[in-house]
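I set out to record what could be looked up in this structure. The entries follow the order in which I worked.

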Amino acid sequence: MKIDISRVQEHDKKLMESHNQSFYFLANTLEKQGFDVENIIKKIADFQVAIPSWALGAGGTRFGRFSYHGEPGNLEQKIADVGMLHALTQSAGAISLHIPWDVPEDPEKIKALTKSHGLTFDAMNSNTFQDQPNQEHSYKFGSLCSVNTKAREQAIQHNIDVIRIGEKLGSKSLTVWLADGANFPGQNNFQTVLKNTQDSLKQIYAQLPEDWKLFIEYKPYEPYFYSTVIQDWGTSFMLANECGPKAYTLVDLGHHLPNTNIEQIVATLMMKGKLGGFHFNDSKYGDDDLTVGSIKPYSLFLIFNELVYGMENNPQNPYPAWMIDASHNTKDPLEDLMQSLEAILMAYTKALLVDQKALKSAQQENDVVECQEILHQAYNTDVRLLLERARILNGGALSPIKAFRNLEIRKQLVLERGKHSVASGL
Ligand code: AOS
Ligand code: ZN
Ligand code: ZN
């Protein structure tokens, strides 16, 4: 299904008057403070976040999965869902596919369909964390790290196959997230599995097209609980350096032990030109994959403060590939993704409002109080009207969630797809 944007605009008419009044007041205030509001709105409008194909259905835990009715049952419907998100929010302009959950039968057709929704293909994601039916060698004890040469070769070949599929679609990057690790001390020789992983990644890297990037994701634990081969940013960074200039570290917000200073990791990687990809989510305990900004919005702002600083000051770092990596166990996935997009753009916009010049001089003076004042001044600005403005100017909805609910879109999806359609994925 494709959303009829004229119905959204009709819906928004009632909200416009109050938006206009409040927007001009805020724009005036910010202009008086020296900000170029038009430029900020343009930056918000340009900021696009990829949606992973596995986040469109209900997620689950090892204890159960509660289906969300009208889930996309095939790749075409997943693309339609992202198209709808993009039509409403104007900020979800790309989809990130997962192989083998989303193998396109006819890549040309899928490419054209994606284009018709105004979307592009973000990174391709390989999967060597599950065994597939009829797979010859099991990944039970590892994939790219495996001591079983045959299993390792099979995992390398899978990643190469994913690159080839991505090439047909027009994707430009491969994300490798490895579950490889051990549950018990002594199970793995740390040096052997790291060396095997390094050799495997180098072989995959050698098959990357010239204009592609390789993103190496890290994670301290899960699914294994004693050790993970690529456990932290340092290991990922080292592997990326070993591979070469087209390999980068990918930061997933949920992949850190509690209280890790993620903004400092971001700053270090950008200074070294090696922050390639970013997975947004939020968490209280671990890789909880909750709605972005639902638990620690201030941390997200501090992370964006470093991202904005890096984007403005580190030409050695490529523009990062943004993606939401979340799982939806209790909310409608589409509504949850709208909330995540809003939280990402809010943190980004607030970071744009940090007076970098004043912050630099306060740091120079060691005026600790002033440094905090500057950050809080930006963080405490209510920027939602700027986001609304950017959306309207791009042709989206003033309030995506209100439009989604009032136009009863989920009800239509259930009618079209049936109550019990299930999305492939996590
Ligand atoms: C797993 O924890 C990672 O966050 C992955 O990025 C992702 O969720 C997975 O690759 C889905 O296929
Ligand atoms: Zn991730
Ligand atoms: Zn994760």
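The entries below go from the whole chain to single residues.

**Entry 1: overall form.** I noted at the outset that this is a predicted model. I then looked up the dimensions: along its principal axes the C-alpha trace spans about 65 × 60 × 40 Å. The radius of gyration is 22 Å, and a compact globule of 426 residues would have a value near 22 Å, so the chain agrees with that expectation. I found that 45% of the 426 residues are buried. I also examined contacts between residues at least 6 apart in sequence; 79% of these join residues at least 24 apart.

**Entry 2: the annotated span.** I consulted UniProt, where an unreviewed entry lists residues 102-289 as "domain: Xylose isomerase-like TIM barrel". In the model, this span is 37% helix and 15% strand. Its end C-alpha atoms lie 21 Å apart.

**Entry 3: the surroundings of ligand 1.** I asked which residues surround ligand 1. I found Trp54, His98, Asn125, Asn127, Trp177, Glu217, Lys219, Asp252, His279, Asp287 and Asp325. I sorted this shell by class and recorded two nonpolar, four polar and five charged residues.

**Entry 4: strands 4 and 5.** I turned to strand 5, residues 173-176, and found both of its faces covered. Ser173 and Thr175 lie on one side, Leu174 and Val176 on the other, and all are buried. I then looked up its pairing with strand 4, residues 124-125: the two strands run parallel and are joined by two bridges. Met124 stands opposite Leu174.

**Entry 5: helix 13.** I asked why helix 13, residues 384-393, can be described as largely enclosed by the rest of the structure. The reason is that seven of its 10 residues are buried. I listed these as Leu386, Leu387, Glu388, Arg389, Ala390, Arg391 and Ile392. I next looked up what they pack against, and recorded helix 1 (5-32), helix 2 (37-46), helix 3 (75-89) and helix 10 (333-352). Gly395 follows helix 13 and has a positive phi, near 95°.

**Entry 6: cis peptide bonds.** I recorded a cis peptide bond from Ile99 to Pro100, with omega near 25°. Pro100 is in the loop between strand 2 (94-96) and helix 4 (107-116). I recorded another cis peptide bond from Glu222 to Pro223, with omega near 10°. Pro223 is in the loop between strand 7 (213-217) and strand 8 (227-228).

Entry 7: Gln90 belongs to the loop between helix 3 and strand 2.

Asn259 is in the loop between strand 9 (247-252) and helix 8 (262-271). With 7 C-beta neighbours inside 10 Å, Asn259 counts as exposed, for which the limit is 12 or fewer.

Terms used: Residues numbered from 1 in each chain as written. Chains lettered and ligands numbered in written order. Predicted model: local features only at pLDDT ≥ 70, side-chain atom pairs only at ≥ 80, totals over all residues. Buried ≥ 20, exposed ≤ 12 C-beta atoms within 10 Å, placed from the backbone. Helix = DSSP H or I, 4+ residues; strand = E, 2+ residues; numbered from the N terminus. Contact = placed C-beta atoms within 7 Å. Rg over C-alpha atoms; globule rule 2.2 N^0.38 Å. UniProt positions renumbered as here; feature names shortened; annotations may be inferred. Near = placed C-beta within 6 Å. Nonpolar A, V, L, I, M, F, W, Y, C, P; charged D, E, K, R; others polar. Pairing = 2+ DSSP bridges.
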